[in-house]
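Work through the exercises below with the structure in view. Try each task before reading its solution.

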Amino acid sequence: MKPGKELLFLALGGSGEIGMNANLYGCDGKWVMVDLGMTFSDPAYPGVELVFPDLEFIEERADDLLGIVLTHGHEDHIGALPYLAADLNVPLFATPFTADLIRRKLEEQGLVKDVELNVIENEGSLQLGPFGFRYLPLAHSIAEGNALLIDTPYGRIFHTGDWKLDDEPIVGVPSTPETLTALGDEGVLAMVCDSTNVFNPESSGSEGAVRDALIKAVKPLKGRALITTFASNVARLHTLGEVAKATNRAFCVAGRSLDRIIAVAKANGYLQDLPELVDFDTAMGMPRRQVLVVATGGQGEPRAALARVAEGNHQIKLEAGDTVLFSSKVIPGNEIAIGRIQNKLAEDGIQMITDRQADIHVSGHPGRPELAEMYRWIRPQILVPVHGEMRHMTEQARFGTEQGIPSVVVQKNGDMVRLAPGKPGVISRERVGRLVLDGDVILPADGMTMAERRKLAVNGQVSVAVALDGRGGLIGDPVVRALGLPVEDDLDAFIAETIEDVREAINKPGKAKPKGRGGRSEGRSSGGGNDVQEAIRLAVRRAATRWTGKKPVVTVLMIAG
């Protein structure tokens, strides 16, 4: 697939899911990528923390890829860069704050000299082959959230990135309705739009309102106040600094990601009025009602500051009479982890306030009234919902149609969409997938390693070692070890019976009969033929199934004497 005289769109990640955003635009033989993010793992990938989009499609066409343009600095938009960008060998483009975050990530991986990173001034522009890019600031829950206006020979695209409308954004100056209306007047072919909050019937709300609600919530507290929020939310950090001042509390932060964001923000002209930070020892030595702590870990991350505070494994200590305020929303999938921490805090007599009790958080994504406003300003001919699960994207398509957008295209990762010329729609299905970071190695999420690990996690493992003489006779006793098999109370008996089955399989590999528990024959051939190693594997697995109902992974080690 090489783009012809046409305008194409292909999501490699972020469509049909929330996170891991990676979008391609193609025309006149060339491609550009917008964002390259990651997502966090789930139980489907045991032992894995980070998940990336599989870039095989564009890796095979890397000579035609002109660059990667980044909308903003959230992990689901830039998190895969340190792991995948060097292999693509194309330049990166980002505004100053986002570029600083990326640079520090590349430094940590020793890749600064291997990846070209270009800084584009706020509201700046760039040209990549047939694509012209213009940055348009929009409010979001991080500094320098941007939409991209993409000029092509076949029409203009308004790629929203992550956004919301905010009358009092605290950090940054978003594009005005007048500016956005003028873009619509000039004509926009397609709007590729954030779908995250499409089911919210109300606007997301203002950061200024959060400040007022937090001051109201913290002022009457008599103990220590710990507020947890997303580390990347620079506007919220500014708000929390104002809360500390308004309530006469010292300002302390707990969490390395907070330290990093504050450093990057200050280096780029943000958070200049943040109160002077106090260290943990100073905070713990002050009267309890004079301390406000901002901590990471509001999503239940087990190694983040809040989890360690709750477990009593942090320099910051809380006790009955103190309060934890959750100034963040619960990301779907994190409910159990967050509940575990909240239960521990409750057990210790610590009060909690969430966005259900007070208006101490607003989303960074648009609700339906905000979507309707943006549609009215931009007036695209085509709406392409992205950044959402399928239910979010199909709902935005319905809503956009109701609001008068002439054409909508519902797509998902791997759907090649032709936007122009002609009627827009999906024209082919391309291979997409996921990669996982397993330790220091990047692997296919659907590959052999993950498949084997899932089997191990579900069914356990049994290993058997046997030594055979030159005639195939057994030397000594087989050695059997079981891991993760539910035979705790009967382990010795299980191993003894399994050893007998192994002996029988070695002596008569083609005739060994599977037994019922206690040695009763089931009257069916093992099917192992004369392959002794396979006969042993089958005999061991049958023994395990007989005893437990499980079918474990069986490893056979044969030593020839």
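**Exercise 1.** Describe how helix α5 packs against helix α12.

Solution. The model is a predicted one.
Step 1: two packed helices are described by the angle between their axes and the distance between the axes.
Step 2: helix α5 covers residues 177–186 and helix α12 covers residues 368–378; they pack at an angle of about 50°, and their axes are 6 Å apart.
Step 3: angles under 35 degrees count as roughly parallel and 65 to 115 as roughly perpendicular. The angle therefore makes α5 oblique to α12.
Step 4: on α5 the contact is made by Pro177, Leu180, Thr181 and Gly184, and on α12 by Met374, Trp377 and Ile378.
Step 5: sorted by class, this contact of α5 with α12 has five nonpolar residues, two polar and no charged ones.

**Exercise 2.** Which residues of helix α3 are buried, and what follows the helix?

Solution.
Step 1: a residue is buried if its relative accessible area is under 20%. In helix α3 (residues 81–88) the buried residues are Leu81, Pro82, Leu84, Ala85 and Leu88.
Step 2: Asn89 comes after α3, in the loop between α3 and β7 (92–94).
Step 3: Asn89 is not a glycine, yet has a positive phi of about 55°.
Step 4: exposed means over 50% relative accessible area. Asn89 has 64%, so Asn89 is exposed.

**Exercise 3.** Find the loop that holds Asn248, and decide whether Asn248 is buried or exposed.

Solution.
Step 1: the loop lies between α7 (234–246) and β15 (250–254).
Step 2: phi of Asn248 is positive, about 55°, although Asn248 is not a glycine.
Step 3: the relative accessible area of Asn248 is 64%, so Asn248 is exposed.

**Exercise 4.** Work out the layout of the sheet that contains β25, and name the helices lying across β25.

Solution.
Step 1: the sheet is open, has three strands in the order β26-β25-β29, and shows mixed pairing.
Step 2: β26 (474–483) and β29 (553–560) are the edge strands, each pairing on one side only.
Step 3: strand β25 (residues 461–468) pairs with β29 in the parallel sense over eight bridges. Val466 stands opposite Met558 in β29.
Step 4: on average, neighbouring strands of this sheet are turned by 10° against each other, direction ignored.
Step 5: helix α15 (residues 491–507) lies across β25 and β26 and runs at about 135° to β26. Helix α16 (residues 532–548) lies across β25 and β29 and runs at about 140° to β29.

Definitions and conventions
Residues numbered from 1 in each chain as written. Predicted model: local features only at pLDDT ≥ 70, side-chain atom pairs only at ≥ 80, totals over all residues. Heavy atoms only, no water. Axes fitted to C-alpha atoms, helices over the stretch in contact; angles between N-to-C directions. Helix = DSSP H or I, 4+ residues; strand = E, 2+ residues; numbered from the N terminus. Parallel < 35°, antiparallel > 145°, perpendicular 65-115°, else oblique. Contact = heavy atoms within 4.5 Å. Nonpolar A, V, L, I, M, F, W, Y, C, P; charged D, E, K, R; others polar. Buried < 20%, exposed > 50% of the residue type's maximum accessible area, 1.4 Å probe, protein only. Pairing = 2+ DSSP bridges.
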